[in-house]
Amino acid sequence: MNSISKSIPEAIALLNQEEVIAIPTETVYGLAGNIFSPKAIASIFSIKKRPTFNPLIVHLKSVESLPQVAREIPIKAAQLAATFWPGPLTMVLKKQSNVPDLVTAGKDTVAVRVPNHELTLALLEQLDFPLAAPSANPFGSISPTQASHVAQYFQEEVPLILDGGSCQKGIESTIIGFENDEPVLYRLGSLALEDIEAVVGPVAVHNYNEKAPPAPGMLARHYAPATTTQLTTAMSLDLDQNLKLRVGVLSFSTNYQSDCIVAQEVLSKSGSLAEASSRLYAALHRLDSQELDLILVERFPDIGLGKTINDRLKRAAKK
């Protein structure tokens, strides 16, 4: 069984022994290991059942640590780091030669960020190495935003879950790459694209090959409950068409009525996209535990963080 603890010394001891632990961030919990330990990195891929063509995000203790793992840093990347780190922004940059190929899926780039969580920053400050830390869930499943989610996924494989409470943002980081030194969106996340564009101007959207994604979290089916999930723009109509099923509903601010509804999650009664995004994964975890026949998820307004929520819901509902 794993241990849920707030002990940084215990975490340091395990990481120094090339073990993998779970750590909290402001976005989601991550499965963390020393980026320079082949054993630890191989364990992360094995525990998650993650394909090795999918690169990992490297977590640093500070902006000043960036040259340790990245080189040829574009001016706009430096501007974004100065503005948003620590925070939910990952950047894909040219890697230093010391960053192992297993971390970067053989690419000459590395995905990197500085997480904004007091406990994990305190941990990173006391380590001699950065941490690779993809989300602490089996590949493709709902991301964890509480220590208990990690414990449910990995009862034996992870010796320590560093408990930092519920994740403040609740959705993964936004990922930005660079082409000819200009920023390109790889993945929508909990930092709104509009906020990034306010700093560096327009950001193009990257088109990629799913068999060789340039960054994590870009596959078509991801963040998915085990229960069949359907994205809808006509909730009442779809409820009427599924009256014989046990249905769970996930909505933005509306409380729906139907005889088929067994469980319902309203993410923000006040209509706050930030509140909705912070509660999204925890709500999906609760619905997925209800032995439902179907989860109906409502499409969100396609603005700001609504774009990110819709991105996650589309991937969750992908067959």
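This is a predicted model: local features need pLDDT of at least 70, side-chain atom pairs count only at pLDDT 80 or more; totals for chains, interfaces and linings use all residues.
Helix α1 passes helix α5 in a right-handed crossing.

**Helix α1 with helix α5**

- α1 covers residues 8-16 and α5 covers residues 118-125; the two pack at an angle of about 50 degrees, and their axes are 10 Å apart. That angle makes α1 oblique to α5, since a pair has to be under 35 degrees to count as roughly parallel and the roughly perpendicular range is 65 to 115.
- On the α1 side, the contact is made by I8, A11, I12 and L15, which meet L119, A122 and L123 of α5. Sorted by class, the residues of this contact are seven nonpolar, with no polar and no charged ones.

**Helix α3 with helix α7**

- Next come α3 (residues 75-84) and α7 (residues 193-200), whose axes come within 10 Å and cross at roughly 120 degrees. α3 and α7 are therefore oblique to each other, and their crossing is right-handed.
- If you want to find the contact in the viewer, look for K76, Q79, L80, T83 and F84 in α3, which meet D195, I196, V199 and V200 in α7. This contact has five nonpolar, two polar and two charged residues.

**Helix α9 with helix α10**

- The axes of α9 (residues 273-288) and α10 (residues 305-317) come within 9 Å, with a crossing of roughly 25 degrees. With an angle under 35 degrees counting as roughly parallel, α9 and α10 are therefore roughly parallel to each other.
- The crossing of α9 with α10 is left-handed.
- From α9, the residues L273, A274, A276, S277, L280 and Y281 meet L305, G306, I309, R312 and L313 of α10. The class count for this contact is eight nonpolar, two polar and one charged.

**The cavity**

- Rolling a probe the size of a water molecule over the atoms shows where empty space is left. Here the count comes to one cavity of 30 Å³ or more.
- The largest cavity has a volume of about 220 Å³. It is lined by 20 residues, and the closest to its centre are I57, A133, P134, S135 and E172.

**Two backbone details**

- Most residues other than glycine have a negative phi, and most peptide bonds are trans.

Conventions. Residues are numbered from 1 along each chain as its sequence is written. Side-chain values use heavy atoms; hydrogens and water are left out. Axes are lines fitted to C-alpha atoms, for helices over the stretch in contact, and angles run from 0 to 180 degrees between N-to-C directions. Helices (H or I, at least four residues) and strands (E, at least two) are DSSP runs, numbered from the N terminus. Angles under 35 degrees count as roughly parallel, over 145 as roughly antiparallel, 65 to 115 as roughly perpendicular and the rest as oblique. A crossing is left-handed if the near helix is turned anticlockwise from the far one by less than a right angle, and right-handed if clockwise. Contact means heavy atoms within 4.5 Å. Ala, Val, Leu, Ile, Met, Phe, Trp, Tyr, Cys and Pro count as nonpolar, Asp, Glu, Lys and Arg as charged, and the others, Gly among them, as polar. On a 1 Å grid over the protein atoms alone, a cavity is a set of points where a 1.4 Å probe fits but cannot get out, and a pocket is an open set with protein on both sides within 12 Å along at least five of seven lines; lining residues have an atom within 4 Å of a point. Grid points are joined across faces, edges and corners, and a volume is the space filled by probe spheres set on the points.
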